[in-house]
Amino acid sequence: MKNMIRRMISPSWKPGRAASAGFAATVAYSIAMEGDMSLTGNRFSDVRFIEGLLTGEAHPPRLMHWLAWAIHLLNGVLLGEVYAAVLKRFLPGPNWLKGAIFGELFIVSAWWLTPLADKHHPMIKSGELPRLANWTSFLQNIARHLVFGLALGLFYRD
């Protein structure tokens, strides 16, 4: 088992660099998120989504907003580590393309869960957040994850 894990992890993986790149890519993602909400009028925010998951309430306490931001940023750091440690070496092309493919593969592979979010998430059920399983939200997430992936690919150098 140990040997299998060792073979999965890239020998050129730099955890500190991967964490920094994941953090920076999440900042870029967050800027894109704020921008696309302004452009489209669809106010789906990942941070607000996390707030609802933390409390199970349609109107969580204000402290949850900061905890949700921390989790959002940590998620980006963890995705940066997965990208750098395991997947980057298997993706084709230059770094920016590898990152873009990673970001898009991530969102496309997770998108099938959106009907469950629409059905069970307290902020979506209350109307505080818009439904997620629609073309506008899908395209927003494609754009956000493209920005994340491009930034991750450009920031992470092994």
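The legends below describe close-up views of a predicted model.

**View A. Packing of helix 2 against helix 8.**
Two packed helices are described by the angle between their axes and the distance between the axes. For helix 2 (15-40) and helix 8 (residues 135-155), the angle is about 150 degrees and the axes lie 8 Å apart. An angle over 145 degrees counts as roughly antiparallel, and helix 2 and helix 8 are therefore roughly antiparallel to each other. The crossing of helix 2 past helix 8 is right-handed.

**View B. The salt bridge between Asp 46 and Arg 144.**
The structure holds 4 salt bridges. In the one formed by Asp 46 and Arg 144, the closest N and O atoms are 2.9 Å apart. Asp 46 belongs to helix 3 (residues 46-55) and Arg 144 to helix 8, so the pair ties together parts that are 98 residues apart in sequence. Asp 46 and Arg 144 are both buried. A network of salt bridges links Asp 36, Asp 46 and Arg 144.

**View C. The salt bridge between Glu 51 and Arg 48 within helix 3.**
The side chains of Glu 51 and Arg 48 meet at 2.8 Å, N to O. These two residues are 3 residues apart in helix 3, which means that about one helical turn separates them. Glu 51 has a relative accessible area of 2% and is buried. Arg 48, with a relative accessible area of 25%, is partly exposed.

**View D. The salt bridge between Glu 128 and Arg 48.**
Arg 48, shown with Glu 51 in the previous view, also meets the side chain of Glu 128 in a salt bridge, at 2.0 Å from N to O. This pair links distant parts of the chain, 80 residues apart. Glu 128 lies in the loop between helix 7 (122-126) and helix 8, whereas Arg 48 lies in helix 3.

**View E. A nonpolar patch on the surface.**
Met 4, Ile 5, Met 8 and Ile 9 form the patch, and together they have about 330 Å² of accessible area. Ile 9 lies in the loop between helix 1 (2-8) and helix 2. The relative accessible area of Ile 9 is 31%, so this residue is partly exposed. Patches are made of residues with over 30% relative accessible area, and Ile 9 has 31%.

How values were computed
Residues numbered from 1 in each chain as written. Predicted model: local features only at pLDDT ≥ 70, side-chain atom pairs only at ≥ 80, totals over all residues. Heavy atoms only, no water. Patch = residues over 30% accessible without salt bridge, like charges linked within 9 Å, V, L, I, M, F, W, Y side chains within 5 Å. Areas by Shrake-Rupley, 256 points an atom, 1.4 Å probe, with all protein chains shown as cover. Helix = DSSP H or I, 4+ residues; strand = E, 2+ residues; numbered from the N terminus. Buried < 20%, exposed > 50% of the residue type's maximum accessible area, 1.4 Å probe, protein only. Axes fitted to C-alpha atoms, helices over the stretch in contact; angles between N-to-C directions. Parallel < 35°, antiparallel > 145°, perpendicular 65-115°, else oblique. Left-handed = near helix turned anticlockwise from the far one by under 90°.
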